[in-house]
Amino acid sequence: MRKKIIAGNWKMNKTVAEAVALVEGLKIDLADCMDVEVVVCPPFTALKTVSDKLENTQIKLGSQNMSSEDDGAYTGEISHTMLKELFVKYVILGHSERREYYKETDFWVNKKVKKALEKNLRPIVCVGEKLEDREAGNTEKVVEEQVRGSLADITAAQFENVVVAYEPVWAIGTGKTATSEQAQEVHKFIRSIIADMVGQKAADGLRIQYGGSMKAANAKELLSQPDIDGGLIGGAALDARSFIDIVKAGM
Ligand code: PGA
């Protein structure tokens, strides 16, 4: 049985004061939530404050990125040590916005994934095709290349600490959601690639989240698919009520 995992990716939103208001709102309903694993990923500037607010709750903390290096002259970067000091547990890696705007390649995503696992942080590794890929019939080809590239050299044992997020780029922030059939098909395909890479047992244990305009209204149907084990939520994670309703859809 895979425990569902719902993560809020706040992206470049929320000042510290706004982050406090949101996390206080989430705690009312989710502080003791055990049925679903709940993760929030604020911007770096709010991590410390949110971390303090989450003390003694079941809600886990994630970051939206992490450097592949340990420390040193990397202006603007944040290291695993800095994140772990704030009790961060999850790191989103290879989000399509990082791939698109900051030219992160599978090679770099893979370096970060390896570093995260080596340092006991759990990567949420994002993959997903663009609209032109889907229209050209290349969805599986593109997703397979990202999965094999971003997760190269990860062992079956390490996969226990990995989460994959399937996020079709055309569905992110657009209001267009993949249908539950479209999403299920790709999730099943991703699991089959992982089985080929590290074996069926590790593949069966892997949690694969869906991301892309997931909201309370469509969450239940998506989350009831056999290979959809959670959600990575952008826009709908910025409001406490709507995020709570998505988590409840996963119970
Ligand atoms: P969205 O973003 O829910 O706003 O589509 C999802 C994501 O980018 O993780």
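## Ground rules

Because the model is predicted, local features need pLDDT of at least 70 and side-chain atom pairs count only at pLDDT 80 or more, while totals for chains, interfaces and linings use all residues. Residues are numbered from 1 along each chain as its sequence is written, and side-chain values use heavy atoms, with hydrogens and water left out.

Helices (H or I, at least four residues) and strands (E, at least two) are DSSP runs, numbered from the N terminus. Contact means heavy atoms within 4.5 Å.

## Helices α1 and α2

The axes of α1 and α2 cross at roughly 30° and come within 9 Å. Axes here are lines fitted to C-alpha atoms, for helices over the stretch in contact, and angles run from 0 to 180 degrees between N-to-C directions. The two helices are therefore roughly parallel. The angle classes are: under 35 degrees roughly parallel, over 145 roughly antiparallel, 65 to 115 roughly perpendicular, and the rest oblique. The crossing of α1 and α2 is right-handed. That term applies if the near helix is turned clockwise from the far one by less than a right angle; anticlockwise is left-handed.

On the α1 side, the contact uses V16, A19, V20, V23, E24 and K27; on the α2 side, it uses T45, A46, T49, V50 and K53. By class, that is 6 nonpolar, 2 polar and 3 charged residues. Nonpolar covers Ala, Val, Leu, Ile, Met, Phe, Trp, Tyr, Cys and Pro; charged covers Asp, Glu, Lys and Arg; the others, Gly among them, are polar.

Helix α10 (residues 216–223) and helix α11 (residues 240–249) have axes that come within 8 Å and cross at roughly 20°. This pair is therefore roughly parallel. Its crossing is right-handed. A216, A219, K220 and L223 of α10 meet S242, D245, I246, K248 and A249 of α11.

Helix α5 (residues 106–118) packs on helix α7 (residues 139–150) at about 40°, with the axes 8 Å apart. These two are therefore oblique to each other. D106, V109, N110 and V113 of α5 contact E145, Q146, G149 and S150 of α7. Here the count is 2 nonpolar, 4 polar and 2 charged.

## The cores

In soluble globular proteins, nonpolar side chains tend to be buried together. A nonpolar core is a set of buried Ala, Val, Leu, Ile, Met, Phe, Trp, Tyr and Cys residues joined through side-chain atoms within 4.5 Å. Buried means under 20% relative accessible area, exposed over 50%, and partly exposed in between (1.4 Å probe, protein chains only).

The largest nonpolar core holds 67 residues, and L26, L151 and I190 have the most contacts inside it. Helix α8 (residues 180–198) gives the most to this core, with 7 residues. A second, separate core has 11 residues, including V39, C41, Y90 and L232. Beyond four places in sequence, L151 touches N110, V113, V125, Q146, F159, V162, V164, I194 and M197.

## Three buried residues

A46 lies in helix α2 (residues 44–53). It is buried, at 1% relative accessibility. Its contacts, leaving aside neighbours within four places in sequence, are V16 and A19.

L83 sits in helix α3 (residues 80–85). L83 is also buried, at 1%. Beyond four places in sequence, L83 touches F44, L47, S63, N65, M66, I78, V88 and V91. I5 belongs to strand β1 (residues 5–9) and is buried, with a relative accessible area of 0%. I5 and V163 are 158 residues apart in sequence, yet their C-alpha atoms are 8.9 Å apart in space. V163 is one of the contacts of I5, as are V39 and Y90.

## Two positive phi angles

Most residues other than glycine have a negative phi. K11 has a positive phi of about 50° and is not a glycine. K11 lies in the loop between β1 and α1 (16–30), and is partly exposed at 21% relative accessibility.

N120 has a positive phi of about 60° and is not a glycine either. N120 lies in the loop between α5 and β5 (122–127). At 64% relative accessibility, N120 is exposed.
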